[in-house]
Amino acid sequence: MIFHVSSPEDWQAAQQTGDYRNSTRGRTLEDEGFIHCSRLDQVAGVLAAYYTGAGPLLLLSIEPSLLSSPWREDEVAPGVFYPHVYGPLDLPAVVAATPLAVAEDGSYIVPSV
């Protein structure tokens with residue numbers, strides 16, 4: 001399983017268009033060339049680095065075997081790998097869209113999915 005952070009609005013728009021094309025906060029698949037994802041143990045760091053104060057968010061759980069777009073783990077720094085999807089996310093590959101709770105300190109709480 002790989003994961004992607006989404007705004008509820010972006011996920012709702014995907015329901016209308018039939019696929020998901022946002023790469024990361026404020027950037028599309030077309031802007032980046034891929035969709036940023038992470039393993040569950042990486043989600044908290046991604047949220048802290050890029051989504052502080054972003055408002056309501058969802059954690060999309062993606063089953064890679066259901067993707068029609070290619071994906072791979074890319075090295076983003078020496079010895080640090082993140083999964084990236086090189087095309088739109090097929091909606092059936094997103095097996096859950098879990099709302100992220102916010103802690104008292106404003107940080108997001110990553111669910112154990």
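## Close-ups of a predicted model

**View 1. Asn22 and its polar partner.** The side chains of Asn22 and Asp10 are joined by a polar contact of 2.5 Å. (A polar contact is an N or O pair within 3.5 Å; within protein, one atom must be able to donate a hydrogen and the other to accept it, and residues adjacent in sequence count only if both atoms are side-chain atoms.) This is a predicted model, where local features need pLDDT of at least 70 and side-chain atom pairs count only at pLDDT 80 or more, while totals for chains, interfaces and linings use all residues. Residues are numbered from 1 along each chain as its sequence is written, and side-chain values use heavy atoms, leaving out hydrogens and water.

Asn22 sits in strand β3, which covers residues 22-24. (Helices are DSSP runs of H or I with at least four residues, strands are runs of E with at least two, and both are numbered from the N terminus.) Asn22 counts as buried because its relative accessibility is 18%. (Buried means under 20% relative accessible area, exposed over 50%, and partly exposed in between, with a 1.4 Å probe and protein chains only.) Once neighbours within four places in sequence are set aside, Asn22 is in contact with His4, Asp10, Arg27, Thr28, Leu29 and Ile35. (Contact means heavy atoms within 4.5 Å.)

**View 2. Arg27 and what it touches.** Arg27 belongs to strand β4, residues 27-28. With a relative accessible area of 37%, Arg27 is partly exposed. Who does Arg27 contact, leaving aside its neighbours within four places in sequence? Asn22 and Glu32. The side chains of Arg27 and Glu32 make a polar contact of 2.7 Å, and Glu32 also forms a salt bridge with Arg27, with the closest N and O atoms 2.7 Å apart. (A salt bridge puts a side-chain nitrogen of Lys or Arg within 4 Å of a carboxyl oxygen of Asp or Glu.) Glu32 is partly exposed as well, at 27% relative accessible area.

**View 3. Salt bridges elsewhere.** Side chains of opposite charge can pair when their charged atoms come close. The count comes to six salt bridges. In one of them, Asp19 pairs with Arg21, the closest N and O atoms being 3.2 Å apart. Asp19 counts as buried at 18% relative accessibility, whereas Arg21 is partly exposed at 35%. Another joins Asp41 to Arg39, with 3.6 Å between the closest N and O atoms. Here Asp41 is exposed, with a relative accessible area of 63%, and Arg39 is partly exposed at 29%.

**View 4. Ile2 in its strand.** Ile2 is part of strand β1, residues 2-6. Is Ile2 buried or exposed? Its relative accessibility is 3%, so Ile2 counts as buried. Apart from neighbours within four places in sequence, Ile2 has contacts that include Cys37, Ser38, Leu60, Ile62, Trp71 and Val85. Ile2 and Cys37 lie 35 residues apart in sequence, yet their C-alpha atoms are 6.5 Å apart.

View 5. Met1, Leu66 and Val95 make a nonpolar surface patch of about 280 Å². (Patch residues have over 30% relative accessible area and no salt bridge; like charges are joined within 9 Å, and nonpolar side chains, meaning Val, Leu, Ile, Met, Phe, Trp and Tyr, within 5 Å. Areas are Shrake-Rupley with a 1.4 Å probe; for residues, only the protein chains shown count as cover.) Leu66 lies in the loop between β6 (58-62) and β7 (71-77), and it is partly exposed at 44% relative accessibility.

View 6. The protein has three helices and twelve strands. Its radius of gyration is 13 Å, close to the 13 Å that the globule rule gives for 113 residues, so it is as compact as a globular protein of that length. (The radius is taken over C-alpha atoms, and the rule is 2.2 Å times the number of residues to the power 0.38.) Along the principal axes, the C-alpha trace spans about 40 × 40 × 25 Å. Of the 113 residues, 39% count as buried. Among contacts with a separation of 6 or more, 66% come from residues 24 or more positions apart. The protein exposes about 6100 Å², with carbon and sulfur atoms supplying 54% of it.
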